[in-house]
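Let's take a look around this one together.

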Amino acid sequence: MRVSILTREYPPMIYGGAGVHVAQLVPRLAALSKVDVQCMGEPRPGATAHPETFPPDANPSLRVFGADLAMVAALPPRDIVHSHTWYANLAGHLAGIYQSIPHVVTAHSLEPLRPWKREQLGGGYELSSWAERTAYQGASAIIAVSSAMAADIRKVYPDVDPAKLHVVRNGVDVSEFYPDHGTDFPATIGMDVTRPAVVFVGRITRQKGLVHLVRAAKQFTPGTQVVLLAGSPDTPEIAAEFAAAYDALRELRGDDVIWIREMAPRSGVRQVLSHATVFACPSTYEPLGIVNLEAMACETAVVASRVGGIPEVVVDGTTGSLVDYDPERATDTTYVTDFEERFATAVNALVADPTKAHEYGVAGRQRCIDEFSWEAIAAQTIQVYQAASDYHAAHA
């Protein structure tokens, strides 16, 4: 089977969970089928890259569409085309029509559930939403990365044929993320590995809830370090909002608050996660949350919002603690403040009980080994390709 993977992100240019997913999936798929990769951005080994430069100075969505068209033109003859995120969905949809082949979509998020993207894209948000909706309606198969995501797809796109919908969860490479007791990177950033630490890894977006974490951290047990490996703000507005919250926390906690703006090396992230008492994931929207798996694989307890697919990863009371959050009340300041207080309480409980935190961490790594192997995910993806081929043939 000849498969083209269409994606915006591909190593070494990865900034989100979809990029991690593609990077891990492709080599496993390559052991089972013939795979090529079409990505966006600068040239890099192992993929054909298409720059987001046409039309110049246009809205980012239009420049993405330009790269999508370049992907379609560059695509060799294939049996399956598989797109990831709205950035590549239009390319997958058009390629499927152009070559008369099945198009498979992996749903890492849904544009209608991310209305804050309008801040970043303006009218381009309407275009990204249109591209996603059109691709989902035309696809021969849709892979949801969690059961919660599958439910969201059914709700947001009720016209999509349920027969096209499949659940294949994200995974984690436990040979890359494991308990690493090295201290060179923590020392470089000023993290004291002998003291409790709460760690966040991710982008500065409304989706990841980082502002909520920084506000909650005002209530963390004194002496608890807060280590933020956070960059790539979506907009100047969210960057300014986060910076203000960070400055207020820094004024209160001083050097116990560490913010690393540059992307850390994977080995450094592994060391920081391994020395964390708690990994914090205060997301307001999360289809699954690969970063939670990476923390668990490093034997780190997780405190996370009970949203989206997170409960399918973090087992409350076994691998971490879940804190209820209602996205429908995101503009209710009283409710949001209460959420931040409850989040701080859950973190403080584990900081006060390092034995339990360690037990959660050990259980979390074992769960990653047992349930989230990329080899199994690749095999399940091949099964979806066959189902897509059957669906395409039946509806041609």
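Start at L273. Leaving aside residues up to four places away in sequence, L273 touches F177, V199, V201, F279, E294, A295, C298 and T300. Keep in mind that what you're looking at is a predicted model.

L273 belongs to the largest nonpolar core, which has 72 residues. L273 is also among those with the most contacts inside that core, along with V199, L210, F220, L228, F242 and F279. The biggest contribution to this core comes from helix 12 (residues 333-351), which gives eight residues. There's a second, separate core too: that one has 21 residues, including V104, I377, A378 and V384. In soluble globular proteins, nonpolar side chains tend to be buried together.

Next up is an open sheet of six strands, in the order 10-9-8-11-12-13, with parallel pairing. Strand 10 (257-260) and strand 13 (320-324) are at the edges and have a single partner strand each, so one side of each has no neighbour in the sheet. Going from one strand to the next, the twist averages 20°.

Zoom in on strand 12 (residues 301-306) and strand 13: they run parallel and are joined by five bridges. Here A304 sits opposite L322 of strand 13. Helix 10 (residues 266-275) packs on the sheet, where it touches strand 8 (197-203), strand 9 (225-231) and strand 11 (278-281). The direction of helix 10 makes about 145° with that of strand 8.

Now hop over to strand 1 (residues 2-6). Is strand 1 enclosed or open? Four of its five residues are buried, so strand 1 is largely enclosed by the rest of the structure.

Strand 1 pairs in the parallel sense with strand 2 (residues 34-40), over five bridges, and I5 has V37 in strand 2 as its bridge partner. Together with helix 1 (residues 17-30), strands 1 and 2 make a right-handed β-α-β unit. Strand 1 also pairs in the parallel sense with strand 4 (residues 80-84), this time over four bridges; there, V3 has I80 as its bridge partner.

## H103, tucked inside

One last stop: H103, in strand 5 (residues 103-107). H103 has a relative accessible area of 3%, and because buried means under 20%, H103 counts as buried.

What does the side chain of H103 join up with through a polar contact of 2.7 Å? The partner is the side chain of S83. Not counting residues up to four places away in sequence, S83 is one of the residues H103 touches, and the others are V81, N89, G92, H93, A135, A139, S140 and A141.

Definitions and conventions
Residues numbered from 1 in each chain as written. Predicted model: local features only at pLDDT ≥ 70, side-chain atom pairs only at ≥ 80, totals over all residues. Heavy atoms only, no water. Core = buried A, V, L, I, M, F, W, Y, C linked by side-chain atoms within 4.5 Å. Buried < 20%, exposed > 50% of the residue type's maximum accessible area, 1.4 Å probe, protein only. Helix = DSSP H or I, 4+ residues; strand = E, 2+ residues; numbered from the N terminus. Contact = heavy atoms within 4.5 Å. Polar contact = N/O pair within 3.5 Å; in protein donor to acceptor, adjacent residues only side chain to side chain. Pairing = 2+ DSSP bridges. Right-handed = clockwise from strand over helix to strand, strands pointing away. Axes fitted to C-alpha atoms, helices over the stretch in contact; angles between N-to-C directions.
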